[in-house]
Amino acid sequence: MNELIDVLRLKAKVHYGESPLMTALANVVLSEPTGMSLLEGQGDASAEVRLHLLLALMHEHAISQPASQLARYFPSVGGSGSAADPALAAVAAAFLQSHAQELSDRMAKRPHIIRTTLRRSVMLKALAAQALKEIGEPSDYALIDIGCSIGVNLLLDRLDIATAEEGFALRVGEVRMDVARRGGSVPSFDLPRARTRIGIDSHRLDASRAEDRNEVLSHCPPENVADFEAARRVLNLLAEDPPELRVGRAEDEIAGAFAQIDSGLPVIVMHSM
C-alpha cells in the first residue's frame with residue numbers, strides 16, 4: 001500500500017504540476033483513511049483515475065457551493081485561501097469524512113475523466129478545415145464527435161481563431177481565450193456553419209443542466225481563473241444551442257448517427273477522447 005501511495009503522490013504531482021491546490025488536496029486524500037477508502041472503491045477505474053475523479057468532485061462542490069469552507073481555497077470561485085495554509089488539510093479531511101458516501105456513489109457513476117478543453121478545439125478546427133479543403137471546400141456538411149463529453153468541440157464551426165503577437169486568440173461567440181504559441185505560424189482557417197452536429201458518448205452530459213456544466217468545469221485547473229471563466233461562458237453558449245447527443249458506445253451508435261444525416265452531405269468525424 002505504501003508503494004501505491006508513493007506512486008499516486010508522484011503522478012498527482014506531475015499531473016497537477018501547475019496547480020498547487022490540487023497537488024495539496026491529492027496529498028490530503030492520500031494521507032487520510034477516508035480518502036484511501038474512496039480510492040479503493042468498486043468498479044473498473046484504477047486508483048489513479050479515482051483520485052482524479054475525487055479531486056474533481058471536490059472542485060465541483062466548491063463550484064456549486066461557493067460559500068462552503070472548502071470553496072475558500074478555490075480561486076475559480078473567488079476563494080482567497082492559500083494552498084499552503086496549514087488549515088487546508090483539516091478542512092479537506094473534514095469534507096471527505098462528512099461526504100464519504102455521496103462521493104463514493106458519485107464516483108461509481110463516472111466512468112472516466114473529462115478532458116474537454118478549448119485548446120484542443122484549435123487543433124480539431126484546423127484538421128476539420130483541412131478535411132473540407134481536401135474535398136473541394138463544400139459549403140454544407142455535418143459534424144460527428146465521438147467521445148464528445150458535453151459537446152464543446154461540436155462548436156468548431158463557431159470558433160474564430162486569429163493570430164496574435166504572442167500566440168493566437170480563440171473566440172466562441174463573445175468568449176476569447178489567448179493560447180500560447182510554441183513556435184511557427186498559426187494558419188488562418190474558417191469553417192462554414194455545419195448543418196448537423198451529433199455527439200456520441202457513453203457518459204451523457206447535457207449542457208442545459210447546471211449540474212452537468214459544473215461537472216465539466218470541475219476538471220479545469222482552479223488557479224487558472226481566466227480559462228475557467230472562458231469555459232463557463234462557452235458552456236452557457238452551448239446550452240443555448242445544444243447539439244444532438246447519442247448515449248452509448250461508438251460502435252453501437254455510429255450507424256444511427258449517420259442515419260440522421262441527409263444523404264450525400266459530407267461528414268467530418270472527430271474523436272475527442
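A residue counts as buried when its relative accessible area is under 20%, as exposed when that area is over 50%, and as partly exposed in between (1.4 Å probe, protein chains only). The structure you are looking at is a predicted model, in which local features need pLDDT of at least 70 and side-chain atom pairs count only at pLDDT 80 or more, while totals for chains, interfaces and linings use all residues. Residues are numbered from 1 along each chain as its sequence is written, and side-chain values use heavy atoms, with hydrogens and water left out.

**The overall picture**

- The protein has ten helices and seven strands; these are DSSP runs numbered from the N terminus, with helices being H or I of at least four residues and strands E of at least two.
- Buried residues make up 47% of the 273 residues of the protein.
- Take the contacts (heavy atoms within 4.5 Å) with a separation of 6 or more: 72% of them are between residues 24 or more positions apart.

**Salt bridges**

- How many salt bridges does the structure hold? There are eleven, each being a side-chain nitrogen of Lys or Arg within 4 Å of a carboxyl oxygen of Asp or Glu.
- One of them joins R195 to D140, with 2.4 Å between the closest N and O atoms.
- This pair links distant parts of the chain, 55 residues apart: R195 sits in the loop between strand 4 (175-180) and strand 5 (196-201), and D140 in the loop between helix 7 (118-134) and strand 1 (142-146).
- R195 has 45% relative accessibility, so it counts as partly exposed; D140, at 25%, is partly exposed too.
- Another bridge brings together the side chains of R209 and D212, at 3.4 Å from N to O.
- R232 is partly exposed with a relative accessible area of 26%, and E229 is partly exposed at 28%.
- Salt bridges also link E60, E102 and R106 into a network.

**Helix 4 against helix 6**

- Two packed helices are described by the angle between their axes and by the distance between the axes.
- Helix 4 (residues 47-64) packs on helix 6 (residues 100-108) at about 120 degrees, and their axes are 10 Å apart. Here the axes are lines fitted to C-alpha atoms, for helices over the stretch in contact, and angles run from 0 to 180 degrees between N-to-C directions.
- The angle makes helix 4 oblique to helix 6; under 35 degrees would count as roughly parallel, over 145 as roughly antiparallel, 65 to 115 as roughly perpendicular, and the rest is oblique.
- Helix 4 contributes R50, L53, L54, L57 and E60 to the contact, and helix 6 contributes L103, R106 and M107.
- Five of these contact residues are nonpolar, none is polar and three are charged. Nonpolar covers Ala, Val, Leu, Ile, Met, Phe, Trp, Tyr, Cys and Pro, charged covers Asp, Glu, Lys and Arg, and the others, Gly among them, are polar.

**Helix 2 against helix 5**

- Which angle do helix 2 (residues 20-31) and helix 5 (residues 87-98) make? They pack at about 60 degrees, with 10 Å between their axes.
- That angle makes helix 2 oblique to helix 5.
- From helix 2, L21, A24, L25, V28 and V29 meet L88, A89, A92, A93 and L96 of helix 5.
- By class, this contact of helix 2 with helix 5 has ten nonpolar residues, no polar ones and no charged ones.

**Helix 8, a mostly covered helix**

- Six of the eight residues of helix 8 (residues 210-217) are buried, so the helix is mostly covered.
- The buried residues are D212, R213, N214, E215, V216 and L217.
- Where do the buried residues of helix 8 pack? They pack against helix 4 and helix 9.
- E215 lies in helix 8 and is buried, with a relative accessible area of 7%.
- E215 and H59 are 156 residues apart in sequence, and in space their C-alpha atoms are 8.9 Å apart.
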